[in-house]
Amino acid sequence: MLERRGIGSVQLLVLGLCALAMMIDGYDLYVVGYVLPAIAKDLGVAPASLTPVLLAQQVGLALGSFLVSPFADRFGRRTVLLASVALFGLFTLAVAQAHSIAAMAPLRFLAGAFLSGVIPNAIALTTEIAPPRLRATMVTIMFCGFTFGTATGGYFATRLLDAFGWQGAFWGGGLLPLALLPLWAVLLPESLQFRLQRDDRDPEIGRLLVRIDPTLSLDGGERFVLDEASAAGAPPVLALFQDGRAASTLLLWFSFFMGLLAIYLTAAWMPTFFTSFSRMTLTQAAEIGLVMATSGIVTMLFYGRLLDRFGPARVLPLTYLGGALAVAAIGFVDWDSWALYPAVVVEGACVIGGQSGLNALAAILYPTRMRATGIGWAFGAGRFGSIFGPAIGGFMLARHWNVGPVFLVTAAPILLVAAGTALVGFRGADGKA
């Protein structure tokens with residue numbers, strides 16, 4: 001029925017509400033980094049002293065991905081998404097009242113744990129309301145919200161900092177999701193597939209289907225059918241390794257680990273690379289970062305159609321291969337010439353856009369009863385990569401590596417994602433290879 005109806009107002013509503021949640025999630029995820037120098041100045045410490053706060057948040061994100069997402073396969077995507085938004089909003093507000101590193105670190109750990117609950121459930125909700133032939137398209141467009149939130153968050157955080165001090169950035173990051181919570185609670189429907197797995201005669205399924213297609217005539221006594229395995233069986237975490245999914249699951253985790261390692265390595269150190277190896281100013285480096293982010297966002301707007309037509313496991317290896325070549329090229333082109341910009345644009349399109357493709361692959365790889373768990377655990381593996389990425393960049397700079405080797409090492413994990421996704425495609429895991 002979803003395939004026949006196509007995308008209508010209900011699907012667009014879910015897409016918009018999930019993209020909004022992702023945008024706020026993206027802002028809150030990076031808010032500490034935006035105002036870190038101001039916090040350090042206020043506390044009278046060196047910026048490096050706030051490393052435990054950043055590390056606590058990353059550990060919270062990793063553990064939260066493993067612990068929070070399975071609840072969505074038990075209690076519902078909408079329920080866990082709303083709870084995650086409420087709790088990360090409250091813990092973000094609490095940071096504004098903290099006056100020491102010892103107080104901030106546990107609060108950012110808890111905020112990170114619930115920030116991690118937004119992405120898997122937004123992806124699952126979007127996937128499960130979308131027509132099967134357009135799932136990747138809707139997921140990649142929805143993920144633009146997260147990228148937009150991270151790309152523009154610095155602008156809004158610094159404006160709040162100028163007006164209210166560093167605490168203002170956290171007030172904004174906490175109050176906005178709490179203020180919008182009633183909107184999500186009223187307008188965001190629960191997944192049709194999740195309801196059906198719980199009760200195939202749930203009258204709410206019929207009501208939502210009539211909203212999607214007003215021409216339907218239902219009397220409330222229907223039994224609904226989903227062309228998937230039943231909800232009976234092993235717990236979702238164990239089911240990720242059953243029925244021939246073990247190798248694909250491990251390859252997906254490997255790809256997420258390497259993909260987020262590459263993204264966080266470049267996000268943390270790319271401006272420093274540019275200013276350390278050239279006469280480029282920090283403002284110029286930030287402009288290059290904006291070009292990269294813009295390229296990724298623009299790519300996501302149409303990348304999903306390519307994924308839906310040919311399958312993520314066919315498209316992603318070529319995407320990440322292009323990204324690896326672009327990053328390696330940055331280390332060898334003249335940074336004072338125009339040649340730098342095509343390489344940066346391709347990197348943004350392939351690495352940032354490619355992450356949205358990995359999200360779509362995770363959503364397509366698993367059936368309903370384990371989808372949120374599968375996405376969440378893949379992101380959990382990726383979060384550990386996000387911890388290692390900045391450490392690798394710092395190691396290279398501390399040892400004064402030359403620019404060429406630095407960018408070759410940066411390209412290596414991107415090339416490994418190409419290999420990992422190619423192996424998923426070789427197994428035919430996404431049904432398109």
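Helices, as named here, are DSSP runs (H or I, at least four residues) numbered from the N terminus. The structure is a predicted model, in which local features need pLDDT of at least 70 and side-chain atom pairs count only at pLDDT 80 or more, while totals for chains, interfaces and linings use all residues. Residues are numbered from 1 along each chain as its sequence is written, and side-chain values use heavy atoms, with hydrogens and water left out.

The second largest pocket holds about 390 Å³ of space. A pocket is defined on a 1 Å grid over the protein atoms alone as an open set of points where a 1.4 Å probe fits, with protein on both sides within 12 Å along at least five of seven lines; lining residues have an atom within 4 Å of a point. The volume is the space filled by probe spheres set on the points, which are joined across faces, edges and corners. Of the 15 residues lining the second largest pocket, Met 1, Leu 2, Leu 196, Val 225 and Leu 226 are the closest to its centre. Helix 1, helix 10 and helix 11 each give two or more residues to this lining, and helix 10 gives the most, with three residues.

Helix 11 spans residues 203-212, and its residues Ile 205, Gly 206, Leu 208, Leu 209 and Ile 212 are buried (under 20% relative accessible area with a 1.4 Å probe, protein chains only; exposed is over 50%, and partly exposed in between). These buried residues line one face of helix 11, because they fall within an arc of 165° when seen down the axis, the arc being that of the directions from the helix axis to the C-beta atoms. They pack against helix 1 (2-5), helix 2 (9-43), helix 7 (118-129) and helix 10 (192-198), where contact means heavy atoms within 4.5 Å. The N-terminal end of helix 11 is capped by Asp 202, a side-chain oxygen of which lies 2.9 Å from the backbone nitrogen of Glu 204.

Asn 121 is located in helix 7 and is buried, with a relative accessible area of 0%. Residues up to four places away in sequence aside, Asn 121 touches Ala 72, Arg 77, Val 80, Leu 81 and Ala 372.

Aromatic rings of Phe, Tyr and Trp (its six-membered ring) pair if their centres lie within 6.5 Å; planes under 30 degrees apart count as stacked, over 60 as edge-to-face and the rest as tilted. By this rule there are 19 aromatic pairs. The rings of Phe 277 and Trp 335 have centres 6.5 Å apart and planes at 70°, so this pair is edge-to-face. Phe 277 lies in the loop between helix 13 (246-276) and helix 14 (282-310), and Trp 335 in the loop between helix 15 (312-330) and helix 16 (340-365), so the pair ties together parts 58 residues apart in sequence. Phe 277 is partly exposed at 27% relative accessibility, whereas Trp 335 is buried at 11%.

One aromatic cluster is formed by Phe 66, Phe 241, Trp 253, Trp 377 and Phe 384. Phe 384 is found in helix 17 (residues 368-398) and is partly exposed, with a relative accessible area of 33%. Phe 384 and Leu 61 are 323 residues apart in sequence and 9.0 Å apart in space, C-alpha to C-alpha.

Most residues other than glycine have a negative phi. Asp 243, although not a glycine, has a positive phi of about 55°; Asp 243 is found in the loop between helix 12 (236-239) and helix 13.

Technical notes: A polar contact is a pair of N or O atoms within 3.5 Å; within protein, one must be able to donate a hydrogen and the other to accept it, and residues adjacent in sequence count only if both atoms are side-chain atoms.
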